[in-house]
Amino acid sequence: MTDGPDAFDPATYDEVVAEIPDYERLQAEVAAATTGLRAGRFLDLGAGTGATALAVLDRHPGAAVVLLDESEAMLAAARTALGAAEATSVVAGLEDPLPAGPFDLVVSALAVHHLAGRAKAELFARVAGVLAPGGRFVLGDIVVPDDPADVVTPVDGVVDVPSPAADQLTWIEEAGLTASVAWAHRDLAVLVGDKPSPLYARLREALSPALKARDRVAVAALRSALAAVDNAQAVDAPPAPRSGGVVAGAVTGLGAGEAPRRELSEGEIVAIVRAEVDDRREAAADYERAGKTDAAGRLTAEADVLAALLAPG
Ligand SMILES: C[S@@+](CC[C@H](N)C(=O)[O-])C[C@H]1O[C@@H](n2cnc3c(N)ncnc32)[C@H](O)[C@@H]1O
């Protein structure tokens, strides 16, 4: 990624790849971070010669991909590499408006580190804007590690301006996505931003005022519904850490081997919350029959809190 072979030229890109220890592993980890997601259509930012899109397509056969890159030559190589896959290419900068969403998935490998910090944050906000609810952003890139001994990928400090993983997790959260680290090794990291479903977002937004108001009924109902959704989203492997517990940590070793959550569709989340409402109404009816009116009233009130969020406005 330094002088010599050109990271933007397909003729010399193999030489660039050879300079990046763990290039293949990074592509594999980006693709691995897309599992659990139904990706019918995805966007690859800084698609280059198509290595990232190919790795993702391996996991999501038949998905339609939009390849974005400022270099038409790189995109031409990518289209050849992708063969019969349903691919559209867009010659544009990462600073430009993104192709129209919604996308189930936005991926980017080894491209965003070409943007300065503020431009990265602005890009993440635009990515959040084109993601479908329940969609995911997977960013695999060079980062500034805590320990300078972990700088193993050549960067020139001019065209290559990586940022610390912790900063990027903050910008992903500021964009309204739930950030986590899927994989990290030395100066490479795969960061994930999940776009909450509208209902999940409403549940989360309602919790903080309920806590402030010490509304025990609402807090109990909301916590229970959020936990039910979180449990359903947990995959067999230990869940990936949320950024809150990650930002202050070193990149090295963070998240290694951790798998992202299985992202539920809006319909699945609605079904879980509806079941929470129904369970409470049934239990309230049982209490009512048993003459336990206080317990019945409390469960009915909890059900009402959740039912109001199921059908807002
Ligand atoms: C190192 S290559 C990575 C390609 C591919 N994702 C991979 O991992 O092999 C970086 C790519 O980002 C593109 N790129 C760099 N800066 C860009 C920008 N500001 N806007 C759009 N594309 C850019 C380059 O043209 C190049 O194809």
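Which residue stands opposite valine 190 in strand 7? Glycine 140 does; the points below place this pair in its setting.

1. Basis of the note. The model is a predicted one, in which local features need pLDDT of at least 70 and side-chain atom pairs count only at pLDDT 80 or more, while totals for chains, interfaces and linings use all residues. Residues are numbered from 1 along each chain as its sequence is written.

2. Overall composition. The chain holds 10 helices and 7 strands; these are DSSP runs numbered from the N terminus, with H or I over at least four residues for helices and E over at least two for strands. Of its 313 residues, 41% count as buried. A residue is buried if 20 or more other C-beta atoms lie within 10 Å of its own, exposed if 12 or fewer, and partly exposed in between, with C-beta atoms placed from the backbone. Among contacts with a separation of 6 or more, 68% join residues 24 or more positions apart; a contact requires C-beta atoms, placed from the backbone, to lie within 7 Å.

3. Strand 7. All 7 of the 7 residues of strand 7 (residues 188-194) are buried, so this strand is largely enclosed by the rest of the structure. Both of its faces are covered: one side carries Leu188, Val190, Val192 and Asp194, and the other Ala189, Leu191 and Gly193.

4. Partners of strand 7. Strand 5 (residues 131-142) runs antiparallel to strand 7 and is joined to it by 7 bridges; strands count as paired if DSSP finds at least two bridges between them. Strand 6 (residues 178-185) also pairs with strand 7 in the antiparallel sense, over 7 bridges. Here histidine 185 has leucine 188 of strand 7 as its bridge partner. Strands 6 and 7 form a hairpin with 2 residues between them, and arginine 186 in the turn has a positive phi of about 50 degrees.

5. Strand 5. This strand is mostly covered, with 10 of its 12 residues buried. Besides its antiparallel pairing with strand 7, strand 5 pairs with strand 4 in the parallel sense over 6 bridges. Serine 108 stands opposite leucine 139 of strand 5.

6. Helix 3. The buried residues of helix 3 (residues 51-59) are Ala51, Thr52, Ala53, Ala55, Val56 and Leu57. Their cover includes helix 2 (23-32), helix 4 (72-82), strand 1 (41-45), strand 2 (64-69) and strand 4 (103-109).

7. Helix 8. The 18 residues of helix 8 (residues 216-233) should span 26 Å at 1.5 Å a residue, and the end C-alpha atoms are 26 Å apart, which agrees; the expected span is 1.5 Å times one less than the number of residues. Ala218, Ala221, Leu222, Ala225 and Val229 are buried in this helix. They cover an arc of only 95 degrees around the axis, which puts them on the same side of helix 8; the arc is that of the directions from the helix axis to the C-beta atoms. The face turned away from the buried side carries the exposed residues Ala227 and Asn231. The buried residues pack against helix 7 (198-212), helix 9 (266-289) and helix 10 (293-310).

8. Helix 9. With 24 residues, helix 9 reaches 35 Å from its first C-alpha to its last, close to the 34 Å expected. Its buried residues are Ile269, Val273, Glu276, Val277, Arg280 and Ala284, and what covers them includes helix 7, helix 8 and helix 10. Glycine 291, which follows the helix, has a positive phi near 80 degrees.

9. Two residues compared. Isoleucine 269 lies in helix 9 and counts as buried, because it has 24 C-beta neighbours inside 10 Å. Beyond residues up to four places away in sequence, isoleucine 269 touches Ser197, Leu199, Tyr200, Val229 and Leu264. Proline 198, in helix 7, counts as partly exposed, with 14 C-beta neighbours inside 10 Å. Leaving aside neighbours within four places in sequence, proline 198 is in contact with Pro133 and Glu266. Its C-alpha atom is separated by 9.9 Å from that of leucine 310, 112 residues apart along the chain.

10. Ligand shell. The ligand is surrounded by 17 residues, of which the closest are Gly46, Gly48, Glu70, Ala109 and Ala111; a residue is near the ligand if its C-beta atom, placed from the backbone, lies within 6 Å of it. By class, the shell has 9 nonpolar, 6 polar and 2 charged residues. Ala, Val, Leu, Ile, Met, Phe, Trp, Tyr, Cys and Pro count as nonpolar, Asp, Glu, Lys and Arg as charged, and the others, Gly among them, as polar.

Conventions:
Two residues are in contact if their C-beta atoms, placed from the backbone, lie within 7 Å.
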